[in-house]
Amino acid sequence: MGVIKLRVAICGGGIAGLAHACALARYPDISVNIYESTDKFSPFGAGIGVWPRAWNVLCALGLGEDMAKITSGSPTSSPVQSFSFRKSDQPSGFTFGNMFSRGPLLTFHRAQFQEVLVQHLPPSSRIHHSKRLKSYSQGRLGCPIRLLFEDGTYATCDVLVGADGIKSAVRNCLFQDQTEIAREIGRPADEQKTLTCKDHVSWAGSIAYRALIPVERLKEDCDQGLLVLPMTPTMYVGTDVHMVVYPVSKGKEVNLALFHFRPELQGMPFHGPWSKGVDESELFDIARFESWEPEVQRWLKYVRRPTKWAIHTVVDLPTFTSGRAVLIGDAAHSCSPHQGTGAGQAIEDAYFLAELLGDPRTTLNTVQQALKVYDKFRRPWTQDASAKAMANGRYLTLHYDGFDFVHADAAAVVQKLHELSDVMIDEWKWCWTTTVEDSLKAALSQLQYA
């Protein structure tokens, strides 16, 4: 195997952690251990989307061919219709906008996506299940990081990557680490600031209901022309509520997600489990769907035992790194799903960090500087992306510009909806008009030799 320059421990076997391990596979002088808290890889959620910006990263990692086999779309760089927006909280709904992108939003079943990542892990990546991190400690430069797990076992590494999701144990330990450093050097203001970030998670005021519908169950309504299988994602928009449907599993299933937004609860504590299965009747308690267009009502009648999910976000962390520990994916910047960019940002983090760690200039002596470069470039980018997703969630539930979509006259509503469509599309364009390579090139230029 040769000389190992860095031993990397990845806490978390979700999309971010597995993608990072796949990205590090190209560097044989980096050894990888993945510590997953569950007894097997268990994907959370149903459908995910990947925009061209993140798709290009998957292709750069050699994953494109196998990922293309499981997506419901066709990878292309040509202009395609990626979303349709409908005003649906009325008996006669209508389309008020169509979004075209340079390349599609490729949709996947999350379990299948994660399976491809696992298949591409190199033999040198060791996987340890049922290992939930309790704490870690960093010694002086050159000494290993010591990991303590909930089962009482220990491990060591040179770099700790926290890819353990929105309830990240690594993040909480990282900010405790920052607090102790601030206390030791006599900076009480910094100590207080980092203490407030220890559990920097906020409820977005939104509840999502998710379900997978086998296409074969839709046959009768489709044959009668009452439902049309969506070739591209469709957004059904209404006051405080919106729903998206799109195909997954190579068109064998339809992913349905319905969102209920209560802006007055944004940032408030959420009581109860973040995720649980509920009876489908609960969906009809959140809106008067009998007044919505028939198409929405037909979709909802096929929902069986949806998963209820309280959307939480990680908001504006002051740093993604401390010493030789670093955060990626939802542990660093979990965002609302309203631009379909959460998985893509995790993939970008994984690739970006791997390229910095794998660079010949990064050694045990310079790795902290490499992590600071990662933080400098990825933190503002991902936090801006998260803000755009939150704004989109408000727009899709008709919270825009203080306009009253319920009581305004029809002509004014139509005009405002077209304006809203233009705003959403403009704030979405970064997903296909920019590439991660632009900022990565600038980041690599800031690495230093030991």
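Start by selecting Asp-349 and Arg-378: both are buried, which here means under 20% relative accessible area, while over 50% is exposed and anything in between is partly exposed, using a 1.4 Å probe and protein chains only. Their side chains meet in a salt bridge, with N and O 2.8 Å apart. For that label, a side-chain nitrogen of Lys or Arg has to sit within 4 Å of a carboxyl oxygen of Asp or Glu. Asp-349 is in helix H10 and Arg-378 is in helix H11, so this pair ties together parts that are 29 residues apart in sequence. Helices (H or I, at least four residues) and strands (E, at least two) are DSSP runs, numbered from the N terminus.

Quick housekeeping before the next stop. This is a predicted model, with residues numbered from 1 along each chain as its sequence is written. Local features need pLDDT of at least 70 and side-chain atom pairs count only at pLDDT 80 or more, whereas totals for chains, interfaces and linings use all residues; side-chain values use heavy atoms, leaving out hydrogens and water.

Salt bridges with shared partners link Arg-53, Glu-348, Asp-349 and Arg-378 into one network. Zoom in on the side chains of Glu-348 and Arg-53, which form a salt bridge at 2.6 Å, N to O. Glu-348 belongs to helix H10 and Arg-53 to helix H2, so the pair ties together parts that are 295 residues apart in sequence. Is Glu-348 buried or exposed? With 2% relative accessibility, Glu-348 counts as buried, and Arg-53, at 3%, counts as buried too.

Next, select Arg-86 and Glu-293, another salt bridge, whose closest N and O atoms are 2.8 Å apart. Arg-86 lies in strand E4 (residues 79-87) and Glu-293 in the loop between strand E16 (275-277) and helix H8 (294-300), so this bridge ties together parts that are 207 residues apart in sequence. Arg-86 counts as buried at 15% relative accessibility, and Glu-293 does at 4%. How many salt bridges are there by this rule? The count comes to 19.

Time for the greasy bits. In soluble globular proteins, nonpolar side chains tend to be buried together. A nonpolar core here is a set of buried Ala, Val, Leu, Ile, Met, Phe, Trp, Tyr and Cys residues joined through side-chain atoms within 4.5 Å. The largest one has 79 residues, and those touching the most other members include Met-67, Phe-108 and Tyr-136. H10 gives the largest share of this core, nine residues. Click on Met-67: beyond its neighbours within four places in sequence, its contacts (heavy atoms within 4.5 Å) include Trp-55, Phe-108 and Val-116. A second, separate core has 34 residues, among them Trp-51, Ala-257, Tyr-395 and Trp-432.

Then jump to His-338, in the loop between helix H9 (330-333) and H10. His-338 is buried, at 6% relative accessible area. Not counting residues up to four places away in sequence, His-338 touches several residues, including Ser-206, His-242 and Trp-428.

Last stop: helix H14 (residues 436-444), whose buried residues are Val-436, Leu-440, Ala-443 and Leu-444. Look down the axis of H14: these buried residues fall within an arc of 90 degrees, so they line one face of the helix. (The arc uses the directions from the helix axis to the C-beta atoms.) They pack against helix H2 (52-60), helix H10 (342-358) and helix H11 (367-396). On the other side of H14, find Asp-438 and Lys-441, which are exposed.
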